[in-house]
Amino acid sequence: MTPKIHTLREKNTSHYHTCTDVELTVNFVFVSLSNQNEADQVDSTPSFVVVVAIDFGTTSSGYAYAFTKEPECIHTMRRWEGGDPGVSNQKTPTTILLTPDRKFHSFGYAARDFYHDLDPSESKHWLYLEKFKMKLHTTANLSIDTDLHAANGKRVKALDIFAYALAFFKEQALKELSDQTGGDFDNNDVRWVITVPAIWKMPAKQFMREAAYKSGLVCRENPEQLIIALEPEAASIYCRKLRLHQMVDLGTPTNQNGLSPTDNVGSGMNQAKEHVRRNRQSRTFLVENVVGELWSELEEGDRYVVVDCGGGTVDLTVHQIRLPEGHLKELYKASGGPYGSIGIDYEFEKLLCRIFGQDFIDQFKIKRPAAWVDLMIAFESRKRAAAPDRSNPLNINLPFSFIDYYKKFRGHSVEHALRKSNVDFVKWSSQGMLRMNPDAMNSLFKATIDHIIQHLNELFDKPEVNNIKFLFLVGGFAESPLLQHAVHNMLQGRSRIIIPHDVGLTILKGAVLFGLDPSVIKVRRSPLTYGVGVLNRFVEGKHPLEKLLVKDGTRWCTDVFDTFIAADQSVALGESVKRSYTPAKPSQQVIVIHVYCSEKEGVAFISEPGVRKCGTLRLDVSGTESAAPRREIQTLMQFGDTEIRAMAMDVSTGRTVKASIDFLSH
């Protein structure tokens, strides 16, 4: 079936935009058009009393805030109840528990501890979820209806889970703010910031926004109350404020304590952890209102890389400093991949399957889900003890129900399985523990760290990424001595490696600073090429014959890709792409234009390999009818922010037209 084509002539060009009359109901960010530019609009922070940032991580989450009148004081959330031996609890695990009738029960340590204490016959009816954030990165056709699987195998709507989590943080933060200020704190006085990986595509960012609307964090009519922050950008903003005593420099030939760089890798972090532990009672961090001491070493045009190593993803961003204000310019589009620390958990699971059999592990996870969670908690604290120079073995407690269930399942003991498995680097200890030699533990890290190092090598080979002064290693996984050691060996002194002391809170604090001044990142790089399909006048020799369309005696070339912005193109904050569209008939209420994207920079036709429909631009022209013979709708799209924004107005009447870009409907 040939689609009905409306020719929407674009002003002053020979482009004719093809579109259909399809109506879409999901709205994206709508920002009304005015004479202010984007930077002015985003900068209107004083209308908020406080900025609250939520770092929604794959493995752990938390919030921090600062009052706009005291921007140099960043307060991190109250200490969480619960916690694990050997693991710092400045954030809470990203775990959520729903009752058997799918109502929200608890989040974080509370969810995990309650679930753990349930009788196995009961727990199989409860819905427990962890590490679910990665689903937004790995789902190819993410939509509002995407499902997640709970530990008991039951499916739940991802949007509900993310909304429950955000509602939990909203309640916790507002309660703390009310206690601080001595009255009920009004949510309208809060600017909310949610952090996401820089490598996330637009559908995942929009999904977080939709979850925020559903949770009541902000309302759809006031989208500016929520800012989406990119995790490595937030880290970069915070690192500018670092003082020398707030970081470990792995690149110095000797540290103040006279250690060599390789000694520095482990011992520097141990000192940092001790420093953070001693200061943990104070949850208020003072940041410099000028640039930090480290920054004073940077000159105009200096470049640095931020490597954000989280639980799920590793994100790399290249920034250049612009003085005197210290604004930042992105030099190369964000890159990275799913190389976070949960990759090590998967390797451990594969090792257990080798020893005890995939069939048993699959059954155990479904039949004894709480005991499986217990086992992974025990592994987590030992995982953090892995180091390049460790010589003594690491013991991992096996829950009693694992030992018991294995005997019932196989008819012989766990000890027997270990002897028969040919996995000689894992032994059984009489105290009921798996004893792993350090090389065995280190080998679980290898695949994940190799991915990160390969990616860093590729990045440093790019011409845009030369003369890098600093490499900032941030995120929870950056605490790993094995990762630090590998990065140190790979760089060979090409740039200094800086690790902030409170490495797990770096993104959270930077996100608060970003919420206070979103215009600090002046120039970004577009991760993809975006555009629409248009009709152009057919040119012999230039256009392929199969694209020829003759309409009313005029020869047109179909499927031409009209580029809004190219992949890796620099785009300044507030910079707009302008297009004008005309409704095909006076009575038309809605103009719907399909948006296409590609990872390639140069795209000629929407039918090329690698080009896909990724979104829809919807212009609601109802209520803007005028007596003018030809209505022209001027549309502005902004690509310089962390989200793509659209706004429009009817040129003949000057009235605002409701414009939205939707990336979640397929």
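**Notebook: strands, a loop residue and enclosed spaces**

I began with a bridge: in strand E22, Phe-472 is the bridge partner of Val-306. The model is predicted, and I noted that local features need pLDDT of at least 70, that side-chain atom pairs count only at pLDDT 80 or more, and that totals for chains, interfaces and linings use all residues. Residues are numbered from 1 along each chain as its sequence is written, and side-chain values use heavy atoms, with hydrogens and water left out.

**Entry 1: strand E16**

I looked up the partners of E16 (residues 303-309). Helices (H or I, at least four residues) and strands (E, at least two) are DSSP runs, numbered from the N terminus; two strands pair if DSSP finds at least two bridges between them. With E22 (residues 468-474), E16 pairs in the parallel sense over 6 bridges. With strand E17 (residues 314-322), E16 pairs in the antiparallel sense over 7 bridges. Here Tyr-304 stands opposite His-319 of E17. I recorded E16 and E17 as a hairpin with 4 residues between them. I then checked the covering of E16: 6 of its 7 residues are buried (under 20% relative accessible area; exposed is over 50%, partly exposed in between; 1.4 Å probe, protein chains only).

**Entry 2: the sheet of E19, E21 and E20**

I found an open sheet of 3 strands in the order E19-E21-E20, with antiparallel pairing. Strand E19 (394-397) and strand E20 (426-429) stand at the edges with a single partner strand each, so one side of each has no neighbour in the sheet. On average, neighbouring strands of this sheet are turned by 30° against each other, direction ignored. E19 and strand E21 (residues 433-436) are joined by 4 bridges, and Asn-397 has Met-433 of E21 as its bridge partner.

I next looked for helices lying across these strands. Axes are lines fitted to C-alpha atoms, for helices over the stretch in contact (heavy atoms within 4.5 Å), and angles run from 0 to 180 degrees between N-to-C directions. Helix H9 (residues 342-356) lies across E19, E20 and E21, at about 110° to E21. Helix H14 (residues 438-460) lies across E19 and E21, at about 85° to E21.

**Entry 3: Thr-58**

I located Thr-58 in the loop between strand E3 (50-56) and strand E4 (60-67). Is Thr-58 buried or exposed? Thr-58 is buried, with a relative accessible area of 7%. A polar atom of the Thr-58 side chain lies 3.3 Å from the backbone nitrogen of Gly-312. Leaving out residues up to four places away in sequence, I listed what Thr-58 touches, including Thr-94, Lys-131, Gly-311 and Ile-342.

**Entry 4: pocket and cavity**

I applied a 1 Å grid over the protein atoms alone: a cavity is a set of points where a 1.4 Å probe fits but cannot get out, a pocket is an open set with protein on both sides within 12 Å along at least five of seven lines, and lining residues have an atom within 4 Å of a point. Points are joined across faces, edges and corners, and a volume is the space filled by probe spheres set on them.

The second largest pocket holds about 750 Å³ of space. Its lining has 28 residues, with Glu-130, Lys-131, His-149, Tyr-346 and Lys-365 nearest the centre. H9 gives the most to this lining, with 5 residues.

I counted 5 cavities of 30 Å³ or more. The largest cavity holds about 260 Å³; of its 21 lining residues, Lys-205, Leu-230, Arg-525, Pro-527 and Asp-641 are closest to the centre.

Conventions
Polar contact = N/O pair within 3.5 Å; in protein donor to acceptor, adjacent residues only side chain to side chain.
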